[in-house]
Amino acid sequence: PSTAPAYDRRHVPADLPTKIQHYIGGRHVDSLDGGTFDVLDPVSNETYIAASAGKKADVDAAVAAARAAFAEGPWPRMLPRERSRVLHRIADIVESRDARLAELESFDSGLPITQALGQARRAAENFRFFADLVVAQSDDTFKVPGRQINYVNRKPIGVAGLITPWNTPFMLESWKLGPALATGNTVVLKPAEFTPLSASLWAGIFEEAGLPEGVFNLVHGLGEDAGDALVTHPDVPLISFTGESRTGQLIFANAAPHLKGLSMELGGKSPAVVFADADLAAAIDATIFGVFSLNGERCTAGSRILVQREVYDEFVERYAAQAERVKVGYPHDPATEVGALVHPEHYAKVTSYIELGRSEGRLVAGGGTPDGLEGGNFVSPTVFADVAPDARIFQEEIFGPVVAITPFDTDEEALALANATKYGLAAYVWTNDLTRAHNFAQAIEAGMVWLNSNNVRDLRTPFGGVKASGLGHEGGYRSIDFYTDQQAVHITL
Ligand code: NAD
């Protein structure tokens, strides 16, 4: 391996913008007070651009633009089919630019380029899916024979506030923008401050697709400034938030005086449970992918692996060997499987957990920075075995390429261990016993369970967590429900 400093190998995409601005009422604008914040690239940790730092006044302007577009503009009044056409055009444009999007996302976030490409395609699919869904949407009608007909008049709510995290930022923004726009709302998006680059592409894409002016507004900035201004704005009746559980708690409290609609997709510490009767090779491949793909910066990462005692030693040995083979490298290298963590602050958090893990478990793979990759936020895939359930690396979300493995004996013990954290986002179960698989899946405290399966999404299914992992489920018609009001209209016959 090379010993060249990481920043010498930095791949800077051509034609980067010179600054990142807000987009309000159809115009790219600076913050009213001129404030900016620095954005780093995670390979060199050097500032490569300044982004406008939105404050309350900027959010006020964005909400006013969105409110005007909602009150007077065509978007909420268009037929679902007409809105759907615009959304399909958005999907077409995203698909046609997937390579460029992936290049920018990978540069800004440190995600491996091949995985960033997959996320760009998923972003297109999110728009396509909700474009189709609103056209197929039908609402309930109830007849009381001879007396009444009662029907549901579904309407968009108004200005939707969308607050998103830095992991797979473009895709997660699309997961909110798709249903919010499909249902006829207007929006203000506040993307994560670590990764504002890909979000700055939406305005051009939407203009080209024919989205009317003022429907989409974007304010960059810090969570406590721009994010909070959106959460506490009286003209924003609903907030869709994805991020950390403790931020979710804060937003819940700050939104309470305004009685807003809230959808919260929060953190996780999801278990992967491997029984002795499982297809071990498949379970190892999937659990390697489950925690090391997307740099481990994935809400549904299977970051605790519970393994039945009979196969425990073999599993740990094979798993550690495979983790050592995962290729850490420059995000723009197509061979890279784990890139650079998003930001030095996050890198410091992840590496502090690795140091802690040395006393809480038995280090069997990784534990440091790969040779030749010093200088950026690179971490080797790290595996701790024999981790006790009260260990912090078992309990707390690390959000990096770090996994804890713990043995169990019985089904009851596995279930108790699986449920022994405050989180409840996802779970993965590996067994060839069909009855056990279903019983276990149904008893586990998780919003989503994958049986003998990788984390593969079906956009029609509920997406969300229980316990500290979230509030409300989106996905399919649930997203439509969140972004609309269902008014009951009664007619006496
Ligand atoms: P974060 O909570 O730090 O920030 C998320 C967003 O909230 C950012 O845009 C931030 O600026 C904003 N924010 C911060 N404080 C705010 C405040 N007081 N008011 C309003 N907005 C505020 O999360 P992160 O570090 O960007 O993202 C990682 C976290 O997101 C992890 O916990 C991960 O599990 C979670 N996540 C969950 C899902 C899911 O679907 N459940 C998906 C992806 C990520």
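Guide: Some ground rules: helices are DSSP runs of H or I with at least four residues, strands are E runs with at least two, and both are numbered from the N terminus. You're looking at a predicted model, where local features need pLDDT of at least 70, side-chain atom pairs count only at pLDDT 80 or more, and totals for chains, interfaces and linings use all residues. Residues are numbered from 1 along each chain as its sequence is written.

Visitor: What pLDDT does the chain average?

Guide: The chain averages 97, and 98% of the residues score at least 70. That score is the predictor's confidence in each residue, on a scale from 0 to 100. For the complex, the predictor gives an ipTM of 0.97 and a pTM of 0.97.

Visitor: Which residues does UniProt list for the "domain: Aldehyde dehydrogenase" feature?

Guide: The unreviewed UniProt entry lists residues 33-489. UniProt positions follow the numbering used here, feature names are shortened, and annotations may be inferred rather than shown by experiment. Over that stretch the chain is 41% helix and 20% strand, with its end C-alpha atoms 47 Å apart.

Visitor: Where does UniProt place the feature "active site"?

Guide: At Glu265, again in an unreviewed entry. Glu265 sits in strand 11, which covers residues 261-265.

Visitor: Why does Glu265 count as buried?

Guide: Glu265 has 27 C-beta neighbours inside 10 Å. The rule takes C-beta atoms placed from the backbone and counts the others within 10 Å: 20 or more is buried, 12 or fewer is exposed, and in between is partly exposed. With 27, Glu265 is therefore buried.

Visitor: Which residues does Glu265 touch?

Guide: Leaving out residues up to four places away in sequence, Glu265 touches Thr242, Cys299, Gly464, Gly465 and Gly470. A contact requires C-beta atoms, placed from the backbone, to lie within 7 Å.

Visitor: What makes a set of residues a nonpolar core?

Guide: The members are buried Ala, Val, Leu, Ile, Met, Phe, Trp, Tyr and Cys residues, joined through C-beta atoms within 7 Å. The largest one here has 144 residues, and Val187, Val188, Val274 and Ile405 have the most contacts inside it. Helix 4 (residues 113-136) provides the largest share of this core, 11 residues. In soluble globular proteins, nonpolar side chains tend to be buried together. Setting aside neighbours within four places in sequence, Ile405 contacts residues including Ile305, Val316, Tyr319 and Phe384.

Visitor: Why is Asn452 called partly exposed?

Guide: Asn452 has 16 C-beta neighbours inside 10 Å, so it falls in the in-between class. Asn452 lies in the loop between strand 18 (448-451) and strand 19 (470-471). Its phi is near 45°, a positive value in a residue other than glycine.

Visitor: Asn295 is not a glycine either, so what is its phi, and why is it called buried?

Guide: Phi of Asn295 is positive, about 60°. Asn295 has 32 other C-beta atoms within 10 Å, so it is buried. You'll find it in the loop between helix 9 (280-292) and strand 13 (304-308). One of the residues in contact with Gly110 is Asn295.

Visitor: And Leu259: is it buried or exposed, and how do you know?

Guide: Leu259 has 8 other C-beta atoms within 10 Å, so it's exposed. Leu259 is in the loop between helix 8 and strand 11.

Visitor: Why does Gly110 count as buried?

Guide: Its count is 30 C-beta neighbours inside 10 Å, so Gly110 belongs with the buried residues. Gly110 is in the loop between helix 3 (98-109) and helix 4.

Terms used
Contact = placed C-beta atoms within 7 Å.
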